[in-house]
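Please look over the sequence and the model before reading on.

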Number of protein chains: 2
Amino acid sequence: MEKRLDIHNSNIPKLCRSCEVRHKGICGVLKPEELLELSKHTRLVDYSAGKELSADSEAVLSYASIMHGVVKLTKMLEDGRQQVVGLQFAPDLIGRMFSSENHFNAEAASNVQVCRMPKPVLERLIKSNPKLERKLLEQALRELDEARDWMVTLGRKTAAEKVACFLYLIATHIDPNYIDGDFKNISFELPLTRADIADFLGLTIETVSRQFTKLRVDGVIDISANRHIDVPDLRLLKKSCG
Amino acid sequence: MEKRLDIHNSNIPKLCRSCEVRHKGICGVLKPEELLELSKHTRLVDYSAGKELSADSEAVLSYASIMHGVVKLTKMLEDGRQQVVGLQFAPDLIGRMFSSENHFNAEAASNVQVCRMPKPVLERLIKSNPKLERKLLEQALRELDEARDWMVTLGRKTAAEKVACFLYLIATHIDPNYIDGDFKNISFELPLTRADIADFLGLTIETVSRQFTKLRVDGVIDISANRHIDVPDLRLLKKSCG
DNA sequence: AAAGATTTTTGATTCAAGTCAATGCAATAG
DNA sequence: CTATTGCATTGACTTGAATCAAAAATCTTT
């Protein structure tokens, strides 16, 4: 077993705090000297909700590791119709490998902090450390599974089921108190507006709103101040997912 | 530049003929001795249309490289609603890496021939040859891009646009005469039934059928014997994709 | 705290796609 | 050369979600 840097007590800049979140980030596979080298080239950047991190067809110049917040990946048709094709949470890495251009827009859904790293620096690391490449392959395959699961939701579920699925996804990804297997009294702030949710689910904001109301009336969720959601029993919500 | 085995004139069994198709297969990155070693453990298997290659939640015991034909990846909800979450063409590799179970069903859409290789054999090769891992990462990222593009189609396009998109996808993937940039007199046999197409597009067979008729009446396509499609001008079809 | 802006909800109506039912059309079997 | 069977198309009708239009709630700014 290789020696790992103790991130909590190190004097390395704030890089890689994302690893503390869920131990899925790329830093976990880097050797101490690689981590130090990387930290010389990174910088933390904040984006307030709605700000663009990168645009479709734009050149990829750097990658970004999410420290906290939620990033939405979107695609837009010429006539303005928009689809959110993915949500990224800490400590996901944003930026398309092996491609000189982006294939979609990346935009801060909530307030977001990312750790930006220049493309050549990360690519050098990938060449020298096979574990990093493996980690990236694993992230790509996980995202592929998630995208395919979501295709079922988009193609075959009703509006009611779609909204339940969305809430279930958020509940299991961002509630700080959520632990796998725990299902009582989950609660969280929605990181997306109704418009974003609609674009994620392939619905209109009116339909999203009506389905929120329905879930509230049915006692599956409780809503306060538009964005705060309480889920008394996650199993009920899961049942609503179809 | 490493020496490559001349596949056309070699006495290696039929493995890797897939490489001849589009030079995207995994064989292109294998060294001659690896190719020979691999060929000892592979076998060609034929599946007629509709036959299952592997099932959701089933253990992954082998991978399969498509020699010819189209494989559909599907997911089914408890109540029987089904969604096709991906189509795979030669020379794609089928089977989830780093997972002991499949996450969806793989079924022959048309008649299919695959080259099966046992899981441990391929995994040993991945460990010893970094180029192979890179190739797999590239395939995963390409599939992820395709899945996300498809999410836009599923979430935001009309039935008419969905059907046009599907035909455009097939036209650019399986017409033996299609070369990128050529757009006149494309023609092909549909590898999927109307039911499969409906499950791919999140529609019903009746709606798919009506949209086929509409495209035919509008002169965008010509249909004969249900499955044979002629596209006089691919640009017209592309315009119908929205 | 009031005014203004933005976001969300609710209501009335329309329409695209789904459902149900019948018919057509090939391919294979008898 | 008919049946039978399995797809595919067409027609009539229904419905779930979109659209259009206010109203209500929430957030911002002053």
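Predicted model: local features only at pLDDT ≥ 70, side-chain atom pairs only at ≥ 80, totals over all residues.

Residues are numbered from 1 along each chain as its sequence is written, and chains are lettered from A and ligands numbered from 1 in the order in which they are written. Helices (H or I, at least four residues) and strands (E, at least two) are DSSP runs, numbered from the N terminus.

**Surface near DNA strand C**

- DNA strand C is surrounded by 19 residues, where a residue is near a molecule or strand if its C-beta atom, placed from the backbone, lies within 6 Å of it.
- The closest residues to DNA strand C are A:Arg194, A:Ser209, A:Thr213, B:Thr158 and B:Thr207.
- At least two residues of this surface come from each of helix 6 (194-201) and helix 7 (205-217) of chain A, and helix 5 (159-174) and helix 7 (205-217) of chain B.
- Helix 7 of chain A gives the largest share, six residues.
- By class, eight residues near DNA strand C are nonpolar, seven polar and four charged. Ala, Val, Leu, Ile, Met, Phe, Trp, Tyr, Cys and Pro count as nonpolar, Asp, Glu, Lys and Arg as charged, and the others, Gly among them, as polar.

**Surface near DNA strand D**

- DNA strand D is surrounded by 19 residues, and the closest are A:Thr158, A:Thr207, B:Arg194, B:Ser209 and B:Thr213.
- Two or more residues of this surface come from each of helix 7 of chain A, helix 6 (194-201) of chain B and helix 7 of chain B.
- Helix 7 of chain B gives the largest share, six residues.
- The classes near DNA strand D are seven nonpolar, eight polar and four charged residues.

**Two helices of chain A**

- Helix 5 (residues 159-174) of chain A packs against helix 6 of chain A at an angle of about 110 degrees, with the axes 10 Å apart. Axes are lines fitted to C-alpha atoms, for helices over the stretch in contact, and angles run from 0 to 180 degrees between N-to-C directions.
- Helix 5 and helix 6 of chain A are therefore roughly perpendicular to each other (65 to 115 degrees).

**Strands 4 and 5 of chain B**

- Strand 4 (residues 70-76) and strand 5 of chain B run antiparallel and are joined by seven bridges. Two strands pair if DSSP finds at least two bridges between them.
- B:Lys72 has B:Leu87 in strand 5 as its bridge partner.
- The hairpin of these strands has five residues between them, and B:Gly80 takes a positive phi near 100 degrees there.
- Six of the eight residues of strand 5 (residues 82-89) are buried (20 or more other C-beta atoms within 10 Å of a residue's own, with C-beta atoms placed from the backbone).

**Open sheets of chain B**

- Four strands form an open antiparallel sheet in the order 1-8-3-6.
- Strand 1 (43-47) and strand 6 (93-94) stand at its edges with a single partner strand each, so one side of each has no neighbour in the sheet.
- Strand 1 and strand 8 (residues 112-118) pair over five bridges, and B:Leu44 stands opposite B:Cys115.
- Three strands form an open antiparallel sheet in the order 9-11-10.
- Strand 10 and strand 11 (residues 228-233) are joined by three bridges, and B:Ser224 stands opposite B:His228.

Conventions. Buried ≥ 20, exposed ≤ 12 C-beta atoms within 10 Å, placed from the backbone. Parallel < 35°, antiparallel > 145°, perpendicular 65-115°, else oblique.
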